[in-house]
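Please open the model in the viewer and follow the selections below in order. Each stop names what to select and then describes what is found there.

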Amino acid sequence: MLVGGLAMLLAAAGSQAGAQNQTQAQQSVPNAPQPQTLPTLNSMTPVAPALPTAPSQAGASTSTTEAPAPAPASGEEPQDQGPPPVTERSQANTLSVNVQYHQIPFTVKDSKGRLVPGLTYRDVRVYENGLLQHTAVFLTDPAPLSVALVIDQSVTTDTMEKVNSSLSALQGAFSPYDEVAVFTYNNGVKEQTTFTAAQSARLGAVLEQSKGVGRDALMGLSGPLAHGQVINNMPIDGVVDNGHQPGTLTFTVPKEYHTLNDAILAAAKVVAGADYHRQRVIYVISDGKEYGSKATQKEVIRFLLTNHIQVWATQVGESAIKGMGFVDRVHIPLTMRDDALPKYTGATGGQYDSEFRPKGIENAFSQITAEIRAQYSVGYYTHESPFNESYRRTEVRVLRPSLTIIAPEGYYPNASDNARMRPKTATTTPATTTPPPQ
């Protein structure tokens, strides 16, 4: 019995020692690191700018400043403060592309000079500065015309009579949807009327009023042949001719003025205000002589190409005689220029027809207007900057052999076109359904 009690005491002592050893072992294991909390950086909170407030009723102006937004308490989600403000870096990461719409009217003729119908946008390629452009618009339907008619009254009397007898047929060449302005020039430019309906009675009256008398075909003669019979160096009838120097038999030819450049520029300023969805045309009836204008031909052509205006012309007088045009190409400096019309028509994509007889002048009216209405038109979006106003050369090609394409040689961009100009309604290519960039 004594032995059993001793065994029980030894077992109890062993269990107590084991418990103490387990407790010491648990206390010797280190604790895991606790997460550290960052202090609230209230000093880095951005301060909102001062917002002006309305003045008090007493008239004193006060201003308050918003207190900085309190930092969100721990465990709370920050409130949505809206989109981040635009910074310089965000602006630098934004891609901006300048897109400008440009449209080119052109005429296609075969080897015999006949108009070629039935072309589609698949047959046409357009280039700007030698680079192929994507065709966005292709038009075949004629657009209403905004025409400025320029009549030369500085031609000789016999030529002026032919022009006067042909003007009555001019009104019949236009449609009721067209509008016509009339300008005349001799030693200066005169606006007979601004745009008026092509089939109105007003235009007929203005054309009748625009008939001039022309000038005399003076010849620089001296000696007895300069006048009729003379006594004591004076004409018998006592009438002194213009240019005659009293007391002598010499005759000085008066200086001629043919202000063609000024007349086209005055007409172009009126046509430039026409709607972009209309065909802008200046139609000139002249012998092509230019002398005494304030504006140069280069300045006028730049204005025409900037405002998308075409020049068409009927050449009359001696310049319309076959062979005279070749002689007139040789221009002597400081003298009158006799062939100014081909330069205008070639640069703007128009055409001119030389007619000497009245019946030919009448037929030229209807022929030119018919060719204007038969023009095709191709439009594209250029990625050149509209603020770069340097000259841009354009070229229209048709993928068919033995054809002649008559189109403007180029254009000068206008920054205002990006906001004003929009493509016309197209009928052929599905690419035209894309709206222009705003």
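**First stop: a helix pair**

Select Lys162, Ser165 and Ser166 of helix H3 together with Pro358, Ile361, Glu362 and Phe365 of helix H9: these residues meet, contact being heavy atoms within 4.5 Å. Of the residues in this contact, 3 are nonpolar, 2 polar and 2 charged. The model is predicted, with local features requiring pLDDT of at least 70 and side-chain atom pairs pLDDT 80 or more, while totals for chains, interfaces and linings use all residues. Residues are numbered from 1 along each chain as its sequence is written, and side-chain values use heavy atoms, without hydrogens and water.

Now extend the selection to the whole of H3 (residues 157-166) and H9 (residues 358-373), which pack at about 45° with axes 9 Å apart. Axes are lines fitted to C-alpha atoms, for helices over the stretch in contact, and angles run from 0 to 180 degrees between N-to-C directions. Helices (H or I, at least four residues) and strands (E, at least two) are DSSP runs, numbered from the N terminus.

**Second stop: the sheet**

Select the 6 strands of the open, mixed sheet, ordered E9-E8-E7-E12-E13-E14; strands pair if DSSP finds at least two bridges between them. E9 (188-197) and E14 (352-354) are the edge strands, each with a single partner, so one side of each has no neighbour in the sheet. From one strand to the next, the twist averages 15°.

Within the sheet, select E7 (residues 145-152) and E12 (residues 279-286), which run parallel and are joined by 7 bridges. Ser146 has Arg280 in E12 as its bridge partner.

Finally, select H8 (residues 341-348), which lies across E12, E13 (310-315) and E14 and runs at about 145° to E13.

Conventions
Ala, Val, Leu, Ile, Met, Phe, Trp, Tyr, Cys and Pro count as nonpolar, Asp, Glu, Lys and Arg as charged, and the others, Gly among them, as polar.
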